[in-house]
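Colleague: Could you walk me through this model? I have a few things to ask.

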Amino acid sequence: MLNIIWLLLIIVSVIVAAVNGRMEMISQSIFEGAKTGVTVCFGLLSVLIFWMGIMKIAEKSGLLQLISIWLSPIVQKLFPDIPKGHPAIGYILSNMSANILGLGNAATPMGIKAMEELQKLNPHKDIATPAMCTLLAINTASITLIPTTMIAIRLQYGSTNAFEIVGTTLLASFIATVFALLLDRVYRLRYKRKSR
């Protein structure tokens, strides 16, 4: 659906530009947009490579293992319907650890693997389970200690203090996570009532 909306916006803008005799502006905007996209990508790439390296160091040093151990009791409470020791738990812990460290790109593959494992436990393959919904809520509104992507974008555009958003991001992501989990609990209760 989103692709259709974007396509319609592009078509309408080209038609309006043609009617008003401003087709050269469309060409100029296309090349400027492509140039900006490449510039931003290279800026993000360098910061993401740096943080992925830090993540690898954290993994090798045992920091991720420590975070996983710390998060394990929380995950057991959040996902009571997943059997203890199931592979999905490991992927969920890795996903949450990466999100906490602000590495959303590193968290995504782990989230996908966790969903695949949760689908194996799903008795109704065409309907998401409560555990899947909980994972989606946590992944979407995850607490973030270091917002690496935003810091990278701010550095790319010449921010004098790119790291000043860390405190507000932490507060906002904490509130979002708490609210997402509260909504998740409400919907879990409704799901249990309906399934009886």
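Colleague: Is N95 buried or exposed?

Modeller: First, a note: this is a predicted model, where local features need pLDDT of at least 70 and side-chain atom pairs count only at pLDDT 80 or more, while totals for chains, interfaces and linings use all residues. Residues are numbered from 1 along each chain as its sequence is written, and side-chain values use heavy atoms, with hydrogens and water left out. Buried means under 20% relative accessible area, exposed over 50% and partly exposed in between (1.4 Å probe, protein chains only). Because its relative accessibility is 0%, N95 counts as buried.

Colleague: Which helix holds N95?

Modeller: Helices here are DSSP runs (H or I, at least four residues), numbered from the N terminus. Beyond four places in sequence, N95 touches A107, M110, G111, L135 and N139 (contact: heavy atoms within 4.5 Å). The run with N95 covers residues 87-100 and is helix α4.

Colleague: How much area do domain 1 and domain 2 bury between them?

Modeller: An automatic or database assignment sets the bounds, giving domain 1 (1-46) and domain 2 (62-195). Their C-alpha centres are 33 Å apart, and five residues of domain 1 contact five of domain 2. Buried area is the accessible area (1.4 Å probe) lost on putting two parts together, summed over both. Carbon and sulfur atoms make up 69% of the total, which is about 390 Å².

Colleague: Nice! Which residues of domain 1 lose the most area to domain 2?

Modeller: Together they account for 80% of what the domain 1 side buries. They are V40, G43 and L44.

Definitions and conventions. Helices (H or I, at least four residues) and strands (E, at least two) are DSSP runs, numbered from the N terminus.
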